[in-house]
Amino acid sequence: MEHSIAAVQVRPSAKRKSWKHGAMTAGTLGWFLILVLLPVAALLMEACQSGPIAFLRGLQGEAAAYAFWLTLWTTILAVVINTIMGVLLAILLVRYPFPGKTLFDGIVDLPFAVSPVVAGFMFIVLFGPQGVLGRWFEAGGIKIVFALPGVVLATLFVTLPFVTREVVPVLREMGREPEEVAFTLGAGRWQTFWKVTLPTIRWGLIYGITLTTARALGEFGAVLVVSGNIIKRTQTATLHIHQEFTDFHYQGAFSASVVLGGISFVLLLLTEFWKKRHKL
Amino acid sequence: MGIAVKDLTKRFGDFTAVDHVSFEVEQGKLVALLGPSGSGKTTILRIIAGLEEPDEGAVYLTGTDATSWPAQKRNVGFVFQHYALFKHMTVRRNIAFGLEVQKRSRKEIRERVEELLQLVKLEGYGDRYPTQLSGGQRQRVALARALAPKPRVLLLDEPFGALDAKVRQNLAAWLRELHHQVQVTSIFVTHDQEEAIEISDRIAVLNRGKVEQIGKPEEIYDRPLTKFVASFIGHANVIEATVQGGRVLAGEPARGRIELPIVEEKLESGEAVVLVRPEDIVLASDIQNGDLKASIVGIRYRGDEYEITVELAGLALRVTEDKERFVAEGWNLTQEVAVRFSRYRFFRAEEGHDAIRERLRSLGYIE
């Protein structure tokens with residue numbers, strides 16, 4: 001008797017639950033569709049509206065080619081330098097106690113917290129012609145601000161935390177023991193790093209590199225302030241898009257946007273594909 | 001001599017983890033370092049492996065002073081509690097790691113790995129990844145990896161600590177057997193005294209960074225030299241007593257003090273502690289003059305035996321009784337019985353008594 005009463009009470013509430021569940025799923029997915037897919041679709045449609053010829057014409061011109069070329073090299077430099085330094089920093093933070101470690105741990109995130117525009121101004125103050133270090137460099141004939149070194153420095157700054165932040169947790173989870181076992185088996189520090197540490201943290205590292213790449217490709221604010229936006233000198237792809245847009249060259253802006261967005265998208269897909277292939 | 005440490009001392013800040021420890025392990029023997037957590041046993045093991053540097057003292061491996069050698073040169077096999085397998089490598093590559101680092105020939109590596117897979121009974125598991133194995137299997141892989149380069153000595157840090165009771169027992173018995181086959185000088189660290197007694201040739205009992213006693217398992221169990229050893233090895237009833245005029249008195253004064261049947265050469269007046277193991281207490285239904293009288297206040301069935309709690313003068317004593325005798329005697333709750341000690345250890349309460357009491361309390365031997 002008791003059983004049947006319980007069953008009668010459970011059924012309608014279960015039904016209500018599944019209805020609620022469905023509504024929540026639909027609502028959440030719908031929200032993301034509107035927020036992510038709709039703008040992407042709009043941009044694609046706008047860029048291709050006048051046909052493929054017009055799309056390609058939008059990418060023509062030395063300024064566009066140079067801007068993409070500069071972005072490519074800046075990104076490569078930022079990724080290589082920040083990968084090496086990021087891993088070193090992560091190892092330092094996880095493995096070695098040093099005074100002020102907690103404070104330093106927070107400072108690593110500073111580039112995330114500070115607006116890129118503000119970051120750009122910090123570089124201007126430091127490396128500008130009147131800046132503390134800028135004056136010194138200027139005397140040596142090296143221009144940093146409003147020149148290529150400034151673009152690279154600004155990109156390095158805004159992408160600094162990605163690798164460290166992704167590697168720290170996997171390094172911590174791994175612990176010292178696999179490395180210590182390698183030592184007792186006769187492997188030196190360098191050998192241990194390549195054969196044991198690096199393969200173990202590789203997924204965190206790959207994810208960190210993907211994020212670094214995406215951010216370096218897309219950085220705008222800090223680079224805008226530091227570079228001076230000189231066409232065919234310090235204008236990166238994002239600055240070029242902005243320039244085209246403000247000059248009412250909409251086709252140029254849309255085409256370049258699609259290319260830049262496409263590169264980031266392909267990178268993301270590649271990472272996911274890799275992960276799938278390694279069953280992770 | 002397989003392994004010898006002399007006067008080993010290691011401090012972490014103010015804390016002395018290892019305090020002038022010396023002991024030797026004969027070639028081919030299996031020795032347990034037994035002690036509660038914080039007794040310094042793992043630190044000693046790590047110093048022998050070269051993973052930790054001692055502040056003072058020396059480590060000798062097969063007769064040679066190895067104190068200044070880096071871990072890479074010592075040729076020790078090390079097994080961690082949590083296996084520390086290389087997760088990105090198959091079982092085969094894990095085992096081969098030490099041989100590959102030493103640049104042995106491919107053929108040699110292949111043969112040695114197969115040999116070890118057989119030894120640890122994991123034939124057919126060579127191509128699996130560590131995540132596809134059970135805890136016991138993982139620990140066997142870790143053991144095979146440590147043994148592959150034919151180490152001078154094998155060091156195991158709580159090797160069964162992460163496994164459940166059943167697997168732990170099987171693996172412990174298997175390790176004993178394996179050690180017979182391989183005959184490599186081994187030290188293993190444990191806090192589990194049953195494990196230590198079951199598989200080791202010698203036990204070194206550690207407490208607060210010092211060796212309290214080292215000897216064969218039987219010696220440690222039957223003839224403990226210190227109160228700590230007596231209470232740590234096996235389950236002991238700890239009875240606090242007072243010696244007055246050659247009589248050893250115990251129990252709450254309000255419940256009437258009793259005289260314990262202690263025979264010692266010299267009984268100086270003062271505080272004392274008597275340790276009696278549950279299996280060394282004999283209960284009898286025929287109460288004679290001079291017997292300690294107690295009543296049964298608890299009976300618990302423990303599978304292979306009964307654990308009986310008796311109470312006398314406010315003291316609760318644990319007694320183990322095998323099944324047959326339990327049934328033959330027909331013990332009942334509230335029954336009056338005679339309590340006799342077939343064996344006991346008597347200790348004068350010297351300095352440091354409080355510290356030992358604290359230890360015993362933390363181990364749950366006294367309240």
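Here is a quick tour, topic by topic. Keep in mind that this is a predicted model. Chain A has 13 helices and zero strands, while the largest nonpolar core, with 106 residues, has B:Ile48 and B:Leu155 as the members that touch the most others.

**Chain A overall**

- Chain A has a radius of gyration of 25 Å, well over the 19 Å that the globule rule gives for 280 residues, so it is more spread out than a compact globule.
- Its C-alpha trace spans about 95 × 65 × 35 Å along the principal axes.
- As for burial, 32% of the 280 residues of chain A count as buried.
- Take the contacts in chain A between residues at least 6 apart in sequence: 76% of them join residues at least 24 apart.

**The nonpolar cores**

- The largest core counts 106 residues, and B:Ile48 and B:Leu155 touch the most other members.
- Helix α5 (residues 135–147) of chain B gives this core its largest share, six residues.
- Setting aside neighbours within four places in sequence, B:Leu155 is in contact with B:Leu45, B:Ile48, B:Ala49, B:Val76, B:Gly77, B:Phe78 and B:Ile187.
- Another core lies apart from it, with 47 residues that include A:Val163, A:Leu205, A:Val223 and A:Ala253.

**A closer look at helix α4 of chain B**

- This helix covers residues 106–119, 14 residues in total, and reaches 20 Å from its first C-alpha to its last, close to the 20 Å expected at 1.5 Å a residue.
- Which residues of α4(B) are buried? They are B:Ile109, B:Arg112, B:Val113, B:Leu116 and B:Leu117.
- Seen down the helix axis, the buried residues of α4(B) fall within an arc of 140°, so they line one face of the helix.
- Turned away from that buried side is a face with the exposed residues B:Lys107, B:Glu108, B:Glu111 and B:Gln118.
- The cover over the buried residues of α4(B) includes α3 (91–101) and α5 of chain B.
- After α4(B) comes B:Lys121, with a positive phi near 55°.

**Where the chains meet**

- Chain B puts 18 residues into the contact, and chain A puts in 14 residues.
- On the chain B side, α2 (71–74), β6 (76–79) and α3 are the elements that give two or more residues.
- That side of chain B divides into eleven nonpolar residues, six polar and one charged.

Methods: Residues numbered from 1 in each chain as written. Chains lettered and ligands numbered in written order. Predicted model: local features only at pLDDT ≥ 70, side-chain atom pairs only at ≥ 80, totals over all residues. Core = buried A, V, L, I, M, F, W, Y, C linked by C-beta atoms within 7 Å. Buried ≥ 20, exposed ≤ 12 C-beta atoms within 10 Å, placed from the backbone. Helix = DSSP H or I, 4+ residues; strand = E, 2+ residues; numbered from the N terminus. Contact = placed C-beta atoms within 7 Å. Expected span 1.5 Å × (residues − 1). Arc of directions from axis to C-beta. Nonpolar A, V, L, I, M, F, W, Y, C, P; charged D, E, K, R; others polar. Rg over C-alpha atoms; globule rule 2.2 N^0.38 Å.
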